[in-house]
Amino acid sequence: MNSEELRSYLLAAPFDELASEARRLRDAGFGHTVSYSRKVFVPLTRLCRDVCHYCTFAAPPRRGSAAYLSPDEVLAIAEAGRAAGCKEALFTLGDKPELRYRAAREALDGLGFKTTVEYLIHTARLVFEETGLLPHVNPGVLSRDDIAALREVSVSQGIMLESLSPRLARRGGPHFGSPDKRPEPRLATIREAGELAVPFTTGILIGIGETRFERLDALFAIADIQREHGHIQEVIVQNFRAKPGTRMADAPEPSPEDLAWTVAAARVVLGPAMSIQAPPNLSAETYPDLIAAGLNDWGGVSPVTPDHVNPEAPWPEIEALARRSAAAGKILVERLAIYPTYALEPDRWLDGAFAPAVRRAIDSEGFAREESWAPGVSEDPPSESRIPAPSIRIDDLVPVLDKAAAGRRLNHGEIADLFAARGSRFDAVVEAADAVRREVSGDTVTYVVNRNINYTNICSYACRFCAFSKGRSSAGLRGTPYDLDLEEISRRVREAWDRGATEVCLQGGIHPDYTGETYVSITRAVKAAAPDMHVHAFSPLEISQGAATLGLPVDAFLERLIDAGLGSLPGTAAEILDPPIRKILCPDKVSVSEWLAVIRTAHRLGLKTTATIMFGSVEGSPSWARHLNAVRDLQEDTGGFTEFVPLPFVHMEAPIYLRGKARKGPTWREGILMHAVARLALNPVIPNIQVSWVKMGRRGAAACLDAGVNDLGGSLMNESISRAAGTTHGQELPPQEMDALIRRSGRLPLQRSTVYGQVSEERAAAGHAAPPLEPIAAPR
């Protein structure tokens, strides 16, 4: 319907019908979440040239009172917020007070600035540089140049449209004497912010004398601008509160029903993708009604500072807000000042300095990262701070979980929905995965005693996530270039055999001097050093490159390696099997189709392989879903995968992270979910799901054992690739420690071969009685 038809419908529809449609739209856009931002409120100045008749924030100059907060006062507020876990610094201030008050002009002159906006630019930059808080600024009507300048020091800006009614600015109206409250300049500010790609907040103020018809005028105007520029990240529906000492002290406040109607109308006008917010401190008794009317955001909530605009209405405690949201069927999730949709495209929406900061602060959905834990970091996992949400619906998940348990292929959307699980929905996914694990694997947890031998870190490729390789573009990264000779490889193989290993895993960089003969020679050297050692070696990239150097097709080259003693292939170099993501991470590496073709050929020749995914850098659940289904589809054809191994991105030394282009790896929730969802999505075609203890850590590995995992991978003895990226979880997890970790989880340890066969008693005993490793000489 057109806008006039929609207006007529909104004004005439029964509220229950309107609210039902609003909920449907909201759930389509935001699912089971309702968000908030943990903020600190910085009232830079209370001086304002406008005289809104309902406002107690703005005040005239007072003798003995500073016109502006000093930089030190601003930083003290921001630092208190940072210490309390805030991520947003909300700058609220009066509009251009220097145009009305000499005191403002003199104060600005004393601070060294000509305008309030100039001073705001200075303090916002100061807060970001000194505390890391992300500024959101609300300075009122702005020129195009001011918007552009503020974009360099903030992640978002805002101005309340309030109303389009010209009546409100006439004598006797609430906006009389307030030139900046005229609709035209406010609309111009919103529009120009869109032209400059500024994530923006706006909204309407209800109950100040406008009609519902006029409210809809404002909402339609916002919708028109949003269709043109797409920059409006939230629309606030704020209810007027009568305040003593103002000209509107005795004016009636809008009823809860009127607020709920306006929230529902805003949702229907603005659609499923727009965040609709109502301040929780102004409607404490009507949380369920507002959620039922289509709201999906509570705005900023401060554990430190009061609401300086509505000081009579204290912020709710965040835990109480979570409980109330849960009671209404929603999971409270923290966001940044910049909303998730915009945070996931920082290069489009943010100035260069802020894009890396936002990437570091978000999860794969663009919500706030609420923990210091990251893969490879020696930090305790996050404590259980999530508020129990027994009323959160999981009935829509049940058919998907049942489908997975029955072994049927999930579609991309179903897999992505599982990755979005939080709260009790997260618990349901993890429990379902573990139930499938019990059905498939029982209570046995397997591992292999092996040694990693990374024979060279010299590489002619330029994978942007890799801190291990050394080449022309990476010589300054962690470590020095090396290339092991066959004698040293053989020595390590013999030592591994003496320490109980049944496997050596060999991988390395793509050395420009290596040919296919190099890989054949390495394989022969291993078998000569320990004839019964299983050779698990060479990624599809190495196979592809080796075949090309000899002018052989892949199958012919693999047959040569098999003849030399190759036993299986590691399914690494997969990273993410999604072409747009590979273009970012590893543009010169084997393509998705090439990786799959090498693996398919290996399987056809009787070689077993693993399958891996490297996750948590730049991609999200749609890419994860495509990857899992690509692996499943190939496995249904060939049956050659022995296990699936999630490899969380380790960020600390990764070039793409150091350049500010990647996140800090998956969150704890995402790391656990990857293992759980893999178990469900790959059931029953891949029976083994492995956790990387070197990336997830011992406690992470233990948590994954309760989320569908039945394999702890290898003892490793040496680990170079993750260590080069910065992991601190060690290089070896000996059999005794494997056994202890597994038993602490209430499970039964079992040493296995590479292809999940039995291991002799002699090998098991040798592994449990292994002497310390000989020191490794500095590689050449």
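Trainee: How is the packing of two helices described?

Mentor: Two packed helices are described by the angle between their axes and by the distance between those axes. In this predicted model, helix H1 (residues 3-12) and helix H9 (residues 256-270) pack at an angle of about 155°, and their axes lie 11 Å apart. That angle makes H1 roughly antiparallel to H9, and the crossing of the two is right-handed.

Trainee: Which residues of H1 and H9 make the contact?

Mentor: On the H1 side the contact is made by Leu6, Leu10 and Leu11, and on the H9 side by Trp261, Ala265, Val268 and Val269. Sorted by class, the contact of H1 with H9 has seven nonpolar residues, with no polar and no charged ones.

Trainee: At what angle do helix H23 and helix H24 cross?

Mentor: The axes of helix H23 (residues 592-604) and helix H24 (residues 621-638) cross at roughly 25° and come within 10 Å. H23 and H24 are therefore roughly parallel to each other, and their crossing is right-handed. The contact is made by Leu596, Ile599, Arg600 and His603 of H23, together with Ala630, Leu634, Asp637 and Thr638 of H24. By class, the contact of H23 with H24 has four nonpolar, two polar and two charged residues.

Trainee: How do the strands of a sheet pair?

Mentor: Strands of a sheet pair through backbone hydrogen bonds, and the pairing may be parallel or antiparallel. Here six strands form an open sheet, in the order E11-E12-E13-E14-E15-E16, and the pairing is parallel. Strand E11 (450-454) and strand E16 (641-648) are the edge strands, each of which pairs on one side only. From one strand to the next, the twist averages 25°.

Trainee: How many bridges join strand E13 to strand E14, and what packs on the sheet?

Mentor: Two bridges join strand E13 (residues 534-537) to strand E14 (residues 566-569), and these two strands run parallel. Within this pairing, Val535 stands opposite Leu566 in E14. Helix H26 (residues 668-681) packs on the sheet, where H26 touches strand E15 (608-615) and E16, and the direction of H26 makes about 145° with that of E15.

Trainee: How many residues of strand E9 are buried?

Mentor: Strand E9 (residues 331-335) is mostly covered, with five of its five residues buried. Both faces of E9 are covered, for Ile331, Val333 and Arg335 on one side and Leu332 and Glu334 on the other are all buried. Five bridges join strand E1 (residues 33-45) to E9, and the two run parallel; Ser35 stands opposite Val333 in E9.

Trainee: Where is Pro684, and which residue does a cis peptide bond join to Pro684?

Mentor: Pro684 is in the loop between H26 and helix H27 (693-705), and a cis peptide bond joins Asn683 to Pro684, with omega at about -5°.

Trainee: What is phi of Ala197, and is Ala197 buried or exposed?

Mentor: Phi of Ala197 is near 55°, which is a positive value in a residue other than glycine. Ala197 lies in the loop between helix H7 (183-195) and strand E5 (200-206). With a relative accessible area of 18%, Ala197 is buried.

Trainee: Where is Leu716 found, and what is the phi of Leu716?

Mentor: Leu716 is found in the loop between strand E17 (711-714) and helix H28 (721-725), and Leu716 has a positive phi of about 75° although it is not a glycine. Leu716 is buried, with a relative accessible area of 11%.

Technical notes
Residues numbered from 1 in each chain as written. Predicted model: local features only at pLDDT ≥ 70, side-chain atom pairs only at ≥ 80, totals over all residues. Heavy atoms only, no water. Axes fitted to C-alpha atoms, helices over the stretch in contact; angles between N-to-C directions. Helix = DSSP H or I, 4+ residues; strand = E, 2+ residues; numbered from the N terminus. Parallel < 35°, antiparallel > 145°, perpendicular 65-115°, else oblique. Left-handed = near helix turned anticlockwise from the far one by under 90°. Contact = heavy atoms within 4.5 Å. Nonpolar A, V, L, I, M, F, W, Y, C, P; charged D, E, K, R; others polar. Pairing = 2+ DSSP bridges. Buried < 20%, exposed > 50% of the residue type's maximum accessible area, 1.4 Å probe, protein only.
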